[in-house]
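Me: I'm new to this structure and would like to learn how to read it. Could you take me through it step by step?

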Amino acid sequence: MTYMKFIFIIIFYCAALHAGTDGTLRGQITLPDGSGLPGTQIYLEDTQFGMIADEDGSYLILNIPVGEYTVVVSMIGYKTRRYEKVKINM
């Protein structure tokens, strides 16, 4: 029984150390009049992280490793915007 407790403790601490090592990027893409822009692509350059804004222009990108990224926002018919040195924290 002691062996099983030891294994459980090791797994618990490994999971706890791994938890909190990523962050989230969230926001809303809006037009100058304040209305949302659905279908806008938001992605972190040179990574596989990204998504498309929902019907009110909101987006949420989860499980991003902590660090600095270039965030690209693009939509057909609009100018592509790049935001450099965006910091993702825990």
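Me: Which residues lie nearest the centre of the largest pocket?

Reply: Let's begin with the general idea. Rolling a probe the size of a water molecule over the atoms shows where empty space is left. In this predicted model, Ile29, Thr30, Leu37, Val73 and Arg81 lie nearest the centre of the largest pocket, out of 14 lining residues. The pocket's volume is about 290 Å³. Strands E5 (67-74) and E6 (81-88) each give at least two residues to the lining. By class, the lining holds eight nonpolar, four polar and two charged residues.

Me: Where is confidence lowest, and where is it highest?

Reply: Here is the idea to keep in mind. Where pLDDT is low, the predicted coordinates should not be read in detail. In the protein chain, helix H1 (residues 2-18) has the lowest confidence, with a mean of 55, while strand E2 (residues 41-44) has the highest, at 96. The chain's mean pLDDT is 85, and 78% of its residues reach 70 or more.

Me: Is valine 72 buried or exposed?

Reply: Valine 72, which sits in strand E5, counts as buried because its relative accessible area is 2%, under the 20% cut-off. Beyond its neighbours within four places in sequence, valine 72 is in contact with Gln41, Ile42, Tyr43, Glu45, Thr80, Arg81 and Arg82. Its C-alpha atom is 9.2 Å from that of glycine 50, 22 residues away along the chain.

Me: And what about threonine 70: buried or exposed?

Reply: Threonine 70 is also in strand E5. With a relative accessible area of 16%, threonine 70 is buried. Leaving out neighbours within four places in sequence, its contacts include Tyr43, Leu44 and Tyr83.

Definitions and conventions. Residues numbered from 1 in each chain as written. Predicted model: local features only at pLDDT ≥ 70, side-chain atom pairs only at ≥ 80, totals over all residues. Heavy atoms only, no water. pLDDT = per-residue confidence, 0-100. Helix = DSSP H or I, 4+ residues; strand = E, 2+ residues; numbered from the N terminus. 1 Å grid on protein atoms, 1.4 Å probe; cavity = no way out; pocket = protein on both sides within 12 Å on 5 of 7 lines; lining within 4 Å. Points joined across faces, edges and corners; volume = space filled by probe spheres on them. Nonpolar A, V, L, I, M, F, W, Y, C, P; charged D, E, K, R; others polar. Buried < 20%, exposed > 50% of the residue type's maximum accessible area, 1.4 Å probe, protein only. Contact = heavy atoms within 4.5 Å.
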